[in-house]
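Hi everyone, thanks for coming. Please take a moment with the sequence and the picture, and then I'll walk you through them.

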Amino acid sequence: MLHLTAGHVGSLVARRATVALTTNSARMASHGHEVSEAVDMSKPMYWDRREIPLPDKRYKDILTPADKSLKEKEKGPWGQLSNEEKLALYRLSFCQTYPEMNQSSSEWKTVVAGVLYCIGLTGLVIIWQTAYVSPPAPRSFDAEWQAKQVKRMLDMRVSPIEGFAAQWDYEKGQWK
Amino acid sequence: MFRAVFRLSSTGARCLVRSKPSISAPLASRCYSHGRVETDEEFDARWVTYFSKPDIDAWELRKGMNTLIGYDLVPEAKIVDSALRACRRLNDMASAIRILEAVKDKAGPHKEIYPYLIQELQPTLSELGISTPEQLGMDQL
């Protein structure tokens with residue numbers, strides 16, 4: 001998920017941060033025990049992007065003799081190329097077709113599941129905390145105290161027009 | 001014309017009109033409210049001339065196409081035609097097919113644009129021997 005959302009066209013040159021690994025370029029240096037080469041970002045790179053139809057370099061760098069002869073045939077009339085040859089030429093230059101590039105994945109399901117899982121875990125932690133970690137609640141949380149507090153607020157006419165005391169029916173002595 | 005392309009991309013050309021169902025929209029080459037707005041015909045002519053350069057090189061083709069696809073419009077058939085002929089001069093069949101895929105992708109939800117373009121380009125496609133992505137089965141996954 002290294003792609004940035006492509007909104008700005010003018011920064012074509014600046015878009016060196018997105019990386020597509022090609023078949024011939026090696027993996028990023030991640031494991032200490034493997035010999036791994038880092039991608040040389042000073043050279044033109046290949047990437048499949050909707051807004052960059054023709055990347056800076058061809059996808060396949062190393063051409064087999066069959067590929068080379070196909071490339072020679074490409075210099076002649078294109079009507080003589082079969083459909084398979086045309087497809088082969090395309091795949092030499094490009095990794096994915098536009099439909100392949102644009103296809104959606106089910107990654108979002110994993111992401112949502114992961115998020116919900118983390119929230120659930122956090123919920124469990126909080127429940128445990130309230131049971132074992134939090135100190136006892138202050139006495140102003142007791143039901144009796146709260147009832148007296150509400151009575152005091154009503155006697156004070158707190159928010160009498162549209163708020164708290166407005167909901168209390170003073171004639172009948174009950175909530176509206 | 002080469003410099004013109006540079007100037008466009010370096011200023012970012014952010015003063016683009018919202019995309020309309022028509023093939024191309026008016027585009028100002030500078031963000032002036034008082035300046036002259038380039039007409040559609042001038043825009044098309046400029047791009048046709050760009051791709052018609054007889055000794056166009058691969059970089060210029062790539063730069064031109066990437067810039068063109070960056071605009072908020074689907075290029076006119078004559079621009080695509082000019083670009084396909086440039087691919088022929090460069091012996092690059094793969095890029096020709098890629099260009100067709102790209103303009104189809106540019107049309108987005110307006111599904112009627114691409115068939116129209118192909119219809120307009122059919123003489124060129126037959127002449128140069130370019131197959132459409134549909135003919136090669138590339139539009140299916």
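Helices here are DSSP runs of H or I with at least four residues, strands are runs of E with at least two, and both are numbered from the N terminus. With that in hand, find helix 4 of chain A, residues 107-132, which holds Ile119(A).

A word on the source: this is a predicted model, where local features need pLDDT of at least 70 and side-chain atom pairs count only at pLDDT 80 or more, while totals for chains, interfaces and linings use all residues. Residues are numbered from 1 along each chain as its sequence is written, chains are lettered from A in the order in which they are written, and side-chain values use heavy atoms, leaving out hydrogens and water.

Is Ile119(A) buried or exposed? Ile119(A) is exposed, at a relative accessible area of 53%. Buried means under 20%, exposed over 50%, and partly exposed in between, using a 1.4 Å probe and protein chains only.

Now over to chain B. Its secondary structure is six helices and zero strands. Of its 141 residues, 51% are buried.

Next, the largest nonpolar core: a nonpolar core is a set of buried Ala, Val, Leu, Ile, Met, Phe, Trp, Tyr and Cys residues joined through side-chain atoms within 4.5 Å. This one has 51 residues, and Phe51(B), Met65(B), Leu84(B) and Leu100(B) touch the most other members. Helix 5 of chain B gives the largest share, nine residues.

Finally, look at Leu84(B): leaving aside residues up to four places away in sequence, its contacts include Ile99(B), Leu100(B) and Leu121(B), where contact means heavy atoms within 4.5 Å.
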